[in-house]
Amino acid sequence: MKNTEEKIVNEIVEYYNEIPCNIISIYYDGEPLFHKGADFMVPLHWHNDVEINVCVDGSLVTQMDGKRVETERDEFLIINPGSIHGNTFSKIPFIEGKPRFIGVCLRISDTVFRKALPNFDLLKFKPIWHPETERPKEIAYELSKYGYPDSQLGKYEHIHITSLVYELVYHMCKEDLVLKKDIISDAESRNVENMRRVMAYIENNFRNPIDEVSLAGKFGFTPTYFSRVFKKYTDISYKEYLTKTRLTAAKQQLLGTDRCVTDIAMDCGFSDVRGLISAFRKYEDITPIKYRKSVKK
């Protein structure tokens, strides 16, 4: 992690073999893509990279900087550095048989853009991109072949992948890059930055009591304004966000340790074990003990 203030919320994307792109191919096998009560398959987070999502089947629903964006088949969703976002797929027809390829996620290092564009901080990609030609889609599909967890590169293939990434960046910059001030106000930029700071604080302090009024004051908000802005950018209330953060930490301990449920509840910020059980039943439709047993099978 780059620093303690960015723990968890600021995702640090790792790159291998000097390829400036992390490739994730997404498949659907008929199982639910998210648990009961979860808002997105990928929870809200942010990173300094440029993320490109291409929906191949169904639709992709994204919560991004306080806005709900839905993209359909072959549309490109571009997520800018620092954007608070989370997403899931929907409307996916299920067909018995092998897992179904539904999309590809490409995370390109911001250094690629900064080397080519010295004023990159003043620029921004429009979120939904409709390429003028078929070539960007062909590139995305070609890159998706390397998106398996156990993908092994052949000799010199890293050169081929890098050339595809740079070709895609060329099309993006040529067709979709605009001045930041033309699509986002200074006030909105400040709100996004403040929300990143708030989310980082919650991730680093959720084990302690954090009441909403005190947190609002810490970041210079009135309680009413804080509540409204927080709901806008996360799509849930502060209380629900804090509970889900604690729940995520509890799930990690349930699967990664043999600690008793009561100790885990207290360590993750719940006032007692009943609070943890209630959260599990509300968002996972299961008790903590059954969750541990079902996933560890």
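User: In this predicted model, are H2 and H3 roughly parallel or roughly antiparallel to each other?

Analyst: H2 and H3 are roughly antiparallel to each other. Two packed helices are described by the angle between their axes and the distance between the axes. Here, helix H2 (residues 135-144) and helix H3 (residues 157-176) pack at about 150 degrees, with their axes 10 Å apart. An angle over 145 degrees counts as roughly antiparallel, which means that this pair qualifies.

User: Which residues of H2 and H3 make the contact?

Analyst: On the H2 side they are Arg135, Pro136, Ile139, Glu142 and Leu143. H3 contributes His160, Ile161, Leu164, Val165, Glu167, Leu168 and His171. By type, the residues of this contact comprise seven nonpolar, two polar and three charged.

User: At what angle do the axes of H7 and H9 cross?

Analyst: The axes of H7 and H9 cross at roughly 100 degrees and come within 10 Å. H7 is therefore roughly perpendicular to H9. The contact involves Glu240, Thr243, Lys244, Leu247, Ala250, Lys251 and Leu254 of H7, together with Leu276, Ala279, Phe280 and Tyr283 of H9. Seven of these residues are nonpolar, one is polar and three are charged.

User: Which residues is Leu215 in contact with, apart from its neighbours within four places in sequence?

Analyst: Leu215 is in contact with Val198, Tyr201, Ile202, Ile210, Phe226 and Tyr238.

User: Where does Tyr156 lie, and is Tyr156 buried or exposed?

Analyst: For such a residue, one reads the backbone angle, the location and the accessibility together. Tyr156 has a positive phi of about 70 degrees although it is not a glycine. Tyr156 lies in the loop between H2 and H3. Its relative accessibility is 54%, so Tyr156 counts as exposed. Asp285, also not a glycine, has a positive phi of about 60 degrees. Asp285 is found in the loop between H9 and helix H10 (288-296), and with a relative accessible area of 54% Asp285 is exposed.

Note on methods. Residues are numbered from 1 along each chain as its sequence is written. This is a predicted model: local features need pLDDT of at least 70, side-chain atom pairs count only at pLDDT 80 or more; totals for chains, interfaces and linings use all residues. Side-chain values use heavy atoms; hydrogens and water are left out. Contact means heavy atoms within 4.5 Å. Axes are lines fitted to C-alpha atoms, for helices over the stretch in contact, and angles run from 0 to 180 degrees between N-to-C directions. Helices (H or I, at least four residues) and strands (E, at least two) are DSSP runs, numbered from the N terminus. Angles under 35 degrees count as roughly parallel, over 145 as roughly antiparallel, 65 to 115 as roughly perpendicular and the rest as oblique. Ala, Val, Leu, Ile, Met, Phe, Trp, Tyr, Cys and Pro count as nonpolar, Asp, Glu, Lys and Arg as charged, and the others, Gly among them, as polar. Buried means under 20% relative accessible area, exposed over 50%, partly exposed in between (1.4 Å probe, protein chains only).
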